[in-house]
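Look at the structure first, then read the points.

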Amino acid sequence: MTDDIALSALSGLAPERAARVRSLIRDVPDYPAEGILFRDITPLLADAAGLADVVDGFAAAVAGLGEIDMVAGMEARGFLFGAPLATKLGVGFVPLRKAGKLPPPVERVEYDLEYGSASIELRTGTLPEGSRVLLVDDVLATGGTAAAAADLVRRSGGVVAGLAFLLELAALHGRERLDGHEVTTLLRVGPAHERGEDPGQAARPLD
């Protein structure tokens, strides 16, 4: 079967390293339901060299964004990539949490899901005024969570330097909801292949 994932910004790595990162993302057909192609990143997270290559790929891809003062990860998989990336860049890391996970006072942004709504929070006073923040998550799907995260950073006094994702499901047009922001994705699922995609998060509503 022809591979439907383009290496996108991972082309900044040596070809063999980029190809190996792709090989560590397991394709699971018909899970969690028939017709769904599940992208399992567990083997990538468990592989020290592969995970290091992803962090290096993120660092290279965002090098043109200018000064970055802080990395913010979206719950929960954004933590897995955001924290090591912050270490690589020599800056701090802040978690953007689901409602009720942080002690008060907090800043909160609510956003709509296909069935209902959700909210994300950041501890008040965490971001120094005017700090440039890079937002990180594993998957860019419809862009709802990412747009809310950008809004939360702005409300908290920060400036969104850019957004970076491991995998983009391009047919869901998440970039359109992030218009005006610099968006970087390391891997990209092409438009002919996304119908029925699952980003590897069966328990989380598509964002």
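A search of the whole structure finds 3 aromatic pairs. Rings of Phe, Tyr and Trp (its six-membered ring) pair if their centres lie within 6.5 Å; planes under 30 degrees apart count as stacked, over 60 as edge-to-face and the rest as tilted. This is a predicted model: local features need pLDDT of at least 70, side-chain atom pairs count only at pLDDT 80 or more, and totals for chains, interfaces and linings use all residues. Residues are numbered from 1 along each chain as its sequence is written, and side-chain values use heavy atoms, with hydrogens and water left out.

**Aromatic pairs**

- Phe 58 and Phe 81 form a tilted pair, because their ring centres are 6.1 Å apart and their planes stand at 55°.
- Phe 58 lies in helix α3 (residues 48–61) and Phe 81 in helix α4, so this pair ties together parts 23 residues apart in sequence. Helices (H or I, at least four residues) and strands (E, at least two) are DSSP runs, numbered from the N terminus.
- Phe 58 is buried, at 0% relative accessibility. Phe 81 is buried too, with a relative accessible area of 0%. Buried means under 20% relative accessible area, exposed over 50%, and partly exposed in between (1.4 Å probe, protein chains only).
- Phe 79 and Phe 93 make an edge-to-face pair, because their ring centres are 6.1 Å apart and their planes stand at 80°.
- Phe 79 sits in helix α4 and Phe 93 in strand β5, so this pair links parts 14 residues apart in sequence.
- Phe 79 is partly exposed, with a relative accessible area of 21%. Phe 93 is partly exposed as well, at 27% relative accessibility.

**Cis peptide bonds**

- Most residues other than glycine have a negative phi, and most peptide bonds are trans.
- The bond joining Glu 75 and Ala 76 is cis, with omega about 0°. Ala 76 is in the loop between β4 (70–74) and α4 (77–89).
- A cis bond also runs from Pro 104 to Pro 105, with omega near 0°. Pro 105 lies in the loop between β5 (92–98) and β6 (106–113).

**Positive phi**

- Asp 30 is not a glycine, yet its phi is positive, near 60°. Its place is the loop between β2 (26–29) and β3 (37–40). Asp 30 is partly exposed, at 47% relative accessibility.
- His 173 is not a glycine either, and its phi is positive, about 60°. This residue is in the loop between β9 (159–169) and β10 (183–189). His 173 is partly exposed, with a relative accessible area of 46%.
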